[in-house]
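Here is a note for a colleague opening this model for the first time. Please keep the structure in view while reading the points.

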Amino acid sequence: LLVLLIGALADQQLNSANPRRYDFSSAFQQIRHDAGARSAVLLEPGALRLIATRDAPGLRTAALTRTLPTRLQATNVFVVTSFTGRGSLWQLRNREIGALRATRHLISHRTYSGVQVWWFR
């Protein structure tokens with residue numbers, strides 16, 4: 001039983017196709033590269049703020065809500081989502097992404113392992 005548990009742990013940690021693996025560092029590194037001084041980074045769920053603080057200090061982050069920044073408040077808007085499979089988080093994400101698509105230009109949509117990033121200008 002111990003050998004089986006150790007083998008399962010090794011597979012979970014080393015398997016690149018692990019569905020529980022999240023590549024936040026690459027996502028935030030790309031945002032830091034693309035973001036300007038007047039960029040806003042909206043996070044869903046809002047708890048991603050802790051990860052953003054660790055991986056991308058200095059970015060202006062906030063939880064994704066029904067209040068989106070105006071063009072005067074933010075030239076670029078990045079939306080970072082993870083863990084939003086269904087329910088109210090999924091509905092909020094889709095509503096706000098739709099609102100951004102209607103009012104701004106989608107520059108890119110990138111998918112990292114377990115993380116999605118939209119960039120609007």
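1. Ala35 touches Leu59 and Phe78, leaving aside residues up to four places away in sequence. Contact here means heavy atoms within 4.5 Å. Ala35 sits in the loop between α2 and β1. Is Ala35 buried or exposed? Ala35 is buried, because its relative accessible area is 19%. Buried means under 20% relative accessible area, exposed over 50%, and partly exposed in between, with a 1.4 Å probe and protein chains only.

2. A word on the source. This is a predicted model, in which local features need pLDDT of at least 70 and side-chain atom pairs count only at pLDDT 80 or more, while totals for chains, interfaces and linings use all residues. Residues are numbered from 1 along each chain as its sequence is written, and side-chain values use heavy atoms, with hydrogens and water left out.

3. The protein has four helices and five strands. Along the sequence the pattern reads α-α-β-α-β-β-α-β-β. Helices (H or I, at least four residues) and strands (E, at least two) are DSSP runs, numbered from the N terminus. The C-alpha trace spans about 60 × 30 × 20 Å along its principal axes. Of the 121 residues, 37% are buried. Among contacts between residues at least 6 apart in sequence, 64% join residues at least 24 apart.

4. Now the sheet. Five strands form an open sheet in the order β2-β1-β3-β5-β4, with mixed pairing. Its edge strands are β2 (61-63) and β4 (106-112), each pairing on one side only. From one strand to the next, the twist averages 20°. Two strands pair if DSSP finds at least two bridges between them.

5. Which way do β1 and β3 pair? They pair in the parallel sense, over six bridges. Ala40 stands opposite Val77 in β3. On the β5 side, β3 and β5 pair in the antiparallel sense over five bridges. There the bridge partner of Val77 is Phe120, and Val79 stands opposite Trp118.

6. β3 deserves a look. Six of its six residues are buried, so β3 is largely enclosed by the rest of the structure. In a regular strand the side chains alternate between the two faces of the sheet. In β3, Asn76, Phe78 and Val80 point one way, while Val77, Val79 and Thr81 point the other way. β5 is also largely enclosed by the rest of the structure, because five of its six residues are buried.

7. Next, the hairpin. β4 and β5 (residues 115-120) pair in the antiparallel sense over six bridges. Leu106 stands opposite Phe120, and the bridge partner of His109 is Trp118. Two residues lie between the strands of this hairpin, and Gly114 takes a positive phi near 80°.

8. Helix α3 (residues 48-55) packs on it, touching β1 (39-44), β2 and β3 (76-81). The direction of α3 makes about 135° with that of β1. Helix α4 (residues 88-103) lies across β1, β3, β4 and β5, and runs at about 25° to β5. Axes are lines fitted to C-alpha atoms, for helices over the stretch in contact, and angles run from 0 to 180 degrees between N-to-C directions.

9. Glu44 and Pro45 are joined by a cis peptide bond, with omega about 5°. Pro45 is found in the loop between β1 and α3.

10. How many cavities of 30 Å³ or more are there? The count comes to one. A cavity is a set of points on a 1 Å grid over the protein atoms alone where a 1.4 Å probe fits but cannot get out, and lining residues have an atom within 4 Å of a point. Grid points are joined across faces, edges and corners, and a volume is the space filled by probe spheres set on the points. The largest cavity has a volume of about 60 Å³.

11. Which residues line the largest cavity? The lining includes Ala27, Asp34, Phe78, Arg110 and Trp119. The elements giving two or more residues to it are α2 (24-34), β4 and β5. α2 gives the most, with four residues.

Methods:
1 Å grid on protein atoms, 1.4 Å probe; cavity = no way out; pocket = protein on both sides within 12 Å on 5 of 7 lines; lining within 4 Å.
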